[in-house]
Amino acid sequence: MTGRPRTFDLDDGLDRAMRVFWRHGYEGTALSDLTAAMGINRPSLYAAYGNKESLFRQCLDRYRTGPARRTHEALAQPTARAVAEHLLRATVEVVTREEGPGCLLVHGALATGAGAEAVRAESAARRADRREALRARFERARLAGEFPPDTDPAALADYLTTLTYGLAVQATEGTPPDRLHRIAAQALRDWPSA
């Protein structure tokens, strides 16, 4: 005996779930919120995406390749300053979207109980990967002579990461995009150069 064919689009369902997690965070999102937003019942959700934790991980992947893709494209810029500028501008665009506001990776799983430790750890690991990618990119820039010799690429990556996460928090508080862009511009004025 075979099951009934799916009557919903998996990608559309994932986009809808991502928006719910983005707005309410992992713990603030109930299964009933997800099924209502996705237009499916619980058995269909489980059959298509697994449990809530599995769905959240899929939403993190979708977020990275969808709304947040421009922040990851920053690493391909030709200079470290261009990396920083692209990342800051893209961050403001992402964190002020209607789906948020804020960043799914930042506030999606920061405040979780013991039962969601794996989700918090997953989000932390993804943030650490992003920071490490920036550090490696800035190390290459230092070796290429883009920075003064005493520049610490790890500290610079930490600084830029902290700033982007701060922009996300400010966005959740309703800070308008033009003000966030001014904050980013101030950071770029202080950017080290050789």
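These legends walk through a few close-up views of a predicted model.

**View 1. Two domains in one chain.** Where the two meet, 18 residues of domain 1 are in contact with 25 residues of domain 2.

**View 2. The area buried between the domains.** The size of an interface is often given as the accessible area lost when the parts come together. Here, domain 1 and domain 2 bury about 1,900 Å² between them, and carbon and sulfur atoms give 57% of that area. Which residues of domain 1 lose the most area to domain 2? They are Trp22, Leu60 and Tyr63, which together account for 36% of what the domain 1 side buries.

**View 3. The side of domain 1 that touches domain 2.** Two helices to look for are H1 (10–24) and H4 (52–65), and each supplies at least two residues of this side. Which one gives the most? That's H4, with nine residues. Sorted by class, the domain 1 side that touches domain 2 has eight nonpolar, three polar and seven charged residues.

View 4. How many salt bridges are counted between domain 1 and domain 2? There are two. Zoom in on arginine 126 and aspartate 61 to see their side chains meet in a salt bridge, at 2.8 Å from N to O. The count of residue pairs in polar contact between domain 1 and domain 2 comes to nine, with both residues at pLDDT 80 or more.

**View 5. Around glutamate 122.** Glutamate 122 sits in helix H8, which covers residues 117–143. Its side chain makes a polar contact, 2.7 Å, with the side chain of arginine 126. That is the arginine whose side chain also meets aspartate 61 in a salt bridge. Leaving aside residues up to four places away in sequence, glutamate 122 touches Arg57 and Leu60.

**View 6. A pair of phenylalanine rings.** A search of the whole structure turns up seven aromatic pairs, and one of them is phenylalanine 21 with phenylalanine 56. Why is this pair called edge-to-face? The ring centres lie 5.0 Å apart and the planes sit at 85°, so the pair counts as edge-to-face. Phenylalanine 21 belongs to helix H1 and phenylalanine 56 to helix H4, so the pair links parts of the chain 35 residues apart.

Terms used. Residues are numbered from 1 along each chain as its sequence is written. This is a predicted model: local features need pLDDT of at least 70, side-chain atom pairs count only at pLDDT 80 or more; totals for chains, interfaces and linings use all residues. Side-chain values use heavy atoms; hydrogens and water are left out. Contact means heavy atoms within 4.5 Å. Buried area is the accessible area (1.4 Å probe) that two parts lose on being put together, summed over both. A salt bridge is a side-chain nitrogen of Lys or Arg within 4 Å of a carboxyl oxygen of Asp or Glu. A polar contact is a pair of N or O atoms within 3.5 Å; within protein, one must be able to donate a hydrogen and the other to accept it, and residues adjacent in sequence count only if both atoms are side-chain atoms. Helices (H or I, at least four residues) and strands (E, at least two) are DSSP runs, numbered from the N terminus. Ala, Val, Leu, Ile, Met, Phe, Trp, Tyr, Cys and Pro count as nonpolar, Asp, Glu, Lys and Arg as charged, and the others, Gly among them, as polar. Rings of Phe, Tyr and Trp (its six-membered ring) pair if their centres lie within 6.5 Å; planes under 30 degrees apart count as stacked, over 60 as edge-to-face and the rest as tilted.
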